Amino acid sequence: MSENKTIQALFDSFSSDKLQLPNRTVMAPMTRGFSPNGVPGEDVAAYYRRRAEHNVGLIITEGTGIDHPASVSGDSIPLFHGEASLEGWKRVVDQVHEAGGKIAPQLWHVGMTRNKGDLPNEEALPVGPSGFTLDGEPVTDPLTESEVEQLVEAYAKAASEAKRLGFDAIELHGAHGYLIDQFFWEQTNKRTDRYGGDLVKRTQFAVDIIKACRLEVGPEFPIIFRFSQWKMSDYKAQLAKTPEELEQFLQPLVEAGVDIFHCSTRRFWEPAFEGSDLNLAGWTKKLTGKPVISVGSVGLSGEFTSFTNADTTSLDGLVEKLEEEEFDLIAIGRSLLQDPAWVEKVENGQADDLLPFDKSSLTKLY
Ligand SMILES: Cc1cc2nc3c(=O)[nH]c(=O)nc-3n(C[C@H](O)[C@H](O)[C@H](O)COP(=O)(O)O)c2cc1C
């Protein structure tokens, strides 16, 4: 960080209709795989608590599986149903609140990225709009309409549990090529019923989920919606090729009841479309008027999908975009994964104490 650049914009409070935060920092959702049998234990609660103790404005949890047998791949991914898992999450919420933080669970279904035979339910087949993997390989039958409706209900049930447990918001994971995004993307959604068709029609599954969640949580509870252009299988994929298409895509989600959009990019400084410097979050804010969270390689020189080590970089560009109000909040992933005190160090001007990202930190809960 250069000496003469103030970082104040990162530490201004944030106030929207339904959510108030002490600063602009958000912990990005990061799957850690430290929840044996889908139950987040004391160590996971302490991991999130540490971020709250060190001034992270809003914590978004790792993706956690809705109540469906094929929602996750792996038996150490936390679930968001069943007594033991929900008790685990209650511990997490209580720990974060005791430390003065705020927290939202990221509600997740992996859809067709699940391999046949994956734990925790080896017999459960992967499900998706048309039964194709992200690479276009046909694996299972398309979901029936009544199966789609059951999935919508599972999201709504998770939203209701989140509110009951005392979470401050929910985040719906509609990004990166997982289930909700598989409905958005023309390559994975070939349906001809009400859940398929043009870009707007492909938002129907998300719209039904958002509305069903809203019915459960009521008008005052914040619903955050995460989406991305890029997919785990294709970093160059685009749901919306122009600002006009982005507007068509976002409008139904706004009308359904999204409060805050979390616009996932791998590098926050990259323009979303030619002819403007605005990034995906900037465009989303401009087109919807809603508060937005941006994300992608904050403080680091290499993007996360390479999962290699990365050097620290200046925060000047980030601060400039916050000052210009291009976006409201900034999510921080790997920097916070390995250093619970990252936000506090930045706040205190301890730039020299920020560490480069070391991929070995993925193996431990710091
Ligand atoms: C280990 C790891 C796990 C991740 N898991 C999730 C996840 O469960 N849900 C999600 O939406 N994004 C996930 N991401 C993406 C992050 O939320 C974030 O968008 C990405 O790391 C870019 O931010 P960064 O460059 O600050 O790390 C994950 C990233 C990492 C590094």
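Tutor: Helices (H or I, at least four residues) and strands (E, at least two) are DSSP runs, numbered from the N terminus, and by that rule the chain has ten helices and ten strands. This is a predicted model, in which local features need pLDDT of at least 70, side-chain atom pairs count only at pLDDT 80 or more, and totals for chains, interfaces and linings use all residues. Residues are numbered from 1 along each chain as its sequence is written.

Student: How are the axes of helix α3 and helix α5 placed?

Tutor: Two packed helices are described by the angle between their axes and the distance between the axes. Axes are lines fitted to C-alpha atoms, for helices over the stretch in contact, with angles from 0 to 180 degrees between N-to-C directions. Here the axes of α3 (residues 145-165) and α5 (residues 204-217) come within 8 Å and cross at roughly 35 degrees.

Student: Which residues in α3 and α5 meet?

Tutor: Two residues are in contact if their C-beta atoms, placed from the backbone, lie within 7 Å. On the α3 side the residues include V148, V152, Y155 and A159, and those in α5 include F205, I209, A212 and C213.

Student: Which residues have the most contacts inside the largest nonpolar core?

Tutor: In soluble globular proteins, nonpolar side chains tend to be buried together. A nonpolar core is a set of buried Ala, Val, Leu, Ile, Met, Phe, Trp, Tyr and Cys residues joined through C-beta atoms within 7 Å, where buried means that 20 or more other C-beta atoms lie within 10 Å of a residue's own. The largest has 101 residues, and Y155, I170, I210, C213, I293 and I330 have the most contacts inside it. Leaving aside neighbours within four places in sequence, I170 is in contact with residues including A159 and C213. Of the 366 residues of the chain, 50% count as buried.

Note on methods: Buried ≥ 20, exposed ≤ 12 C-beta atoms within 10 Å, placed from the backbone.
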